[in-house]
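Subject: Structure handover

Hello,

Here is the structure I promised you. Please open it first, then read the notes below.

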Amino acid sequence: MQAKAVDTEVGKLRADALLLTLFQDEPLGTSAQLLDRALDGLLTSMVASGELNGKFPERRLVPTLGRAAAPRLMLLGLGRRDLLDGYRLRNALQFAVRDLRNFCRSLAVIVEPALAEVLAVPATGQAPQAPARAIAEGVGLGNYRLGELKAAEGKGAIEEMQLVGLGQGSDLAAALTAGVRLAEATNAARVLQWRPANRLTPADFIAEAELVAKQRHLSLRVVERPEMEKLGMGALLAVAQGSHQPPKLMVMRYRPRSADGSGRVLALLGKGITFDSGGISLKPNPGMAAMKSDMSGAAAVLQAMGVIARTEPHIEVLGLAPLTENMPGGGAVKPGDVVRAMNGTTIEINNTDAEGRLVLADALSYAVSQGATHLVDVATLTGAVSVALGHPVTAAMASSPELLAAVQAAAREAGERVWELPLYPEHDVALTCEIADIRNTSGTPAAGTINGAVFLRPFAAGRPFVHLDIAASSYHFEPLLMKVVPHGPTGVMTRTLAHLPFHLG
Ligand code: BES
Ligand code: ZN
Ligand code: MN
């Protein structure tokens with residue numbers, strides 16, 4: 001998608017469609033009034049009849065019948081002004097675009113002053129760049145399609161976007177370009193998330209990483225099984241031992257051309273279970289197919305690295321993903337087995353379905369061995385997080401308030417939601433073990449999400465560490481959020497991770 005800022009009068013905008021947003025129960029804005037007049041009071045009469053009230057996410061498509069240069073106008077309700085945040089805005093826009101893309105190639109988004117005002121505040125304050133970027137992201141996200149493997153899937157997409165109402169400077173052009181890139185990276189993560197496990201093995205994921213690395217001039221190293229054995233990655237290897245697919249550890253590295261001299265090295269780690277059957281602690285049948293997306297964290301890290309290579313922060317960034325299947329079989333790890341992780345910790349695997357923390361433990365140790373000073377992992381770790389927070393939020397658990405604040409600032413910029421869960425000393429007790437240093441699950445449902453962080457934290461070796469549990473926020477069901485987010489993968493945290501290096505200073 002291309003995006004540019006223009007200064008054309010709304011009636012003269014040339015595009016397949018105009019998109020105008022409305023706040024709930026508020027009078028029509030300046031541009032809406034202009035269009036209303038051109039359309040002989042159509043909008044006023046729609047308001048009067050109750051057909052148009054700006055509720056979230058109301059979509060109304062009206063033909064302009066030659067009264068405007070664009071043949072149609074989509075009216076999009078953003079709901080109450082005080083409830084709008086970056087997440088809702090992007091979701092409403094992608095909802096509108098999911099309809100428009102089927103018959104429109106070009107779209108002009110009209111920004112009323114009221115919207116510009118609202119968006120400037122919760123973002124980073126750099127109006128109008130932040131609103132422009134947010135809108136480009138929302139429109140770009142709307143181009144994502146689920147049916148990659150469907151013969152009859154439509155191919156239509158918004159290819160050209162114009163933005164009216166925020167000015168025109170070169171800063172704005174840069175913001176729009178950034179927004180398009182971030183949306184396209186998110187969509188690329190979504191494609192990987194939903195790719196079936198037989199088409200996205202650890203080796204296939206590495207092939208995808210090679211493409212990104214080549215395109216963006218990132219260095220890529222792959223740790224293969226023999227090296228894992230030499231490094232003593234007993235936790236990662238234990239998960240992999242039941243699978244016919246060899247495990248891989250992706251290690252991407254972005255080196256700044258001019259470093260800021262702080263010596264900081266940020267490691268982003270994504271859980272990369274390309275299929276999670278549960279192993280010998282086999283999952284029940286319903287919902288198991290969704291476990292093809294248990295590599296959503298890895299996808300977010302990979303695509304964020306691609307963006308980081310282009311935005312060029314002044315610190316070094318590592319992108320790691322431990323990649324393996326979690327399968328049952330005669331050679332699989334068994335409940336009760338004790339393994340030794342790369343850092344020497346002995347772990348009793350009392351539940352083979354808590355595999356994410358095992359693979360991440362060794363990835364964290366490896367990141368530390370590579371000089372990481374700050375570590376952030378993104379993982380579809382626990383079903384419990386959907387009980388705690390539901391799908392529209394990512395849970396964060398942190399060993400460092402500063403690093404957490406950086407993640408939260410990055411998430412705000414990205415229009416993603418991150419909510420902290422606590423780590424109290426009392427939580428540590430859950431994983432104490434009689435036979436080994438630690439066990440991988442507590443065996444009770446209490447504090448399931450927190451226990452994941454309790455397990456992972458020591459592997460960051462005392463360095464600032466944030467664990468992001470995306471088991472709920474990485475995908476949505478059809479009825480959720482009134483269908484505003486398409487059923488399927490969200491690419492969550494791709495954009496947050498892409499912004500993060502800029503918030504570490
Ligand atoms: N990949 C799952 C978590 C998950 C569940 C992701 C639902 C997406 C949707 C993870 O490996 C897992 O199985 N976690 C267990 C942990 C438990 C055994 C402590 C879970 O949530 O049941
Ligand atoms: Zn899993
Ligand atoms: Mn599991």
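How many salt bridges are there between domain 1 and domain 2? The count is three. A salt bridge here is a side-chain nitrogen of Lys or Arg within 4 Å of a carboxyl oxygen of Asp or Glu.

Some ground rules come next. This is a predicted model, where local features need pLDDT of at least 70, side-chain atom pairs count only at pLDDT 80 or more, and totals for chains, interfaces and linings use all residues. Residues are numbered from 1 along each chain as its sequence is written, chains are lettered from A and ligands numbered from 1 in the order in which they are written, and side-chain values use heavy atoms, with hydrogens and water left out.

The two domains

Domain 1 covers 2-191. Domain 2 is made of 197-330 + 353-422 + 464-503. These bounds come from an automatic or database domain assignment. The domain centres, taken over C-alpha atoms, are 31 Å apart. Domain 1 puts 27 residues into the contact, and domain 2 puts in 28. Contact means heavy atoms within 4.5 Å.

The size of an interface is often given as the accessible area lost when the parts come together. Here domain 1 and domain 2 bury about 2400 Å² between them. Carbon and sulfur atoms account for 61% of that. Buried area is the accessible area (1.4 Å probe) that two parts lose on being put together, summed over both.

Seven residue pairs, both at pLDDT 80 or more, are in polar contact between the domains. A polar contact is a pair of N or O atoms within 3.5 Å; within protein, one must be able to donate a hydrogen and the other to accept it, and residues adjacent in sequence count only if both atoms are side-chain atoms. On the side of domain 1 that touches domain 2, α3 (86-100), α5 (129-141) and α6 (170-194) each give two or more residues. α3 gives the most, with nine residues. Helices (H or I, at least four residues) and strands (E, at least two) are DSSP runs, numbered from the N terminus.

Salt bridges

The structure holds 26 salt bridges. One joins the side chains of Arg-133 and Glu-413, at 3.8 Å from N to O.

Asp-85 pairs with Arg-417, their closest N and O atoms 3.0 Å apart. Asp-85 sits in the loop between β4 and α3, and Arg-417 in the loop between α13 (401-414) and β16 (418-420). They are 332 residues apart. Asp-85 is partly exposed, at 24% relative accessible area. Arg-417 is partly exposed too, at 26%. Buried means under 20% relative accessible area, exposed over 50%, and partly exposed in between (1.4 Å probe, protein chains only).

Asp-40 and Arg-67 also form a salt bridge, at 2.6 Å from N to O. Asp-40 is in the loop between α1 (30-38) and α2 (42-49), and Arg-67 is in the loop between β3 (59-63) and β4 (72-77), so the pair ties together parts 27 residues apart in sequence.

A closer look at His-374

Is His-374 buried or exposed? His-374 counts as buried because its relative accessibility is 13%. His-374 lies in strand β14 (residues 374-379). Its side chain makes a polar contact with the side chain of Thr-373, at 2.8 Å. Beyond neighbours within four places in sequence, His-374 is in contact with residues including Arg-264, Leu-403 and Leu-504.

Best wishes
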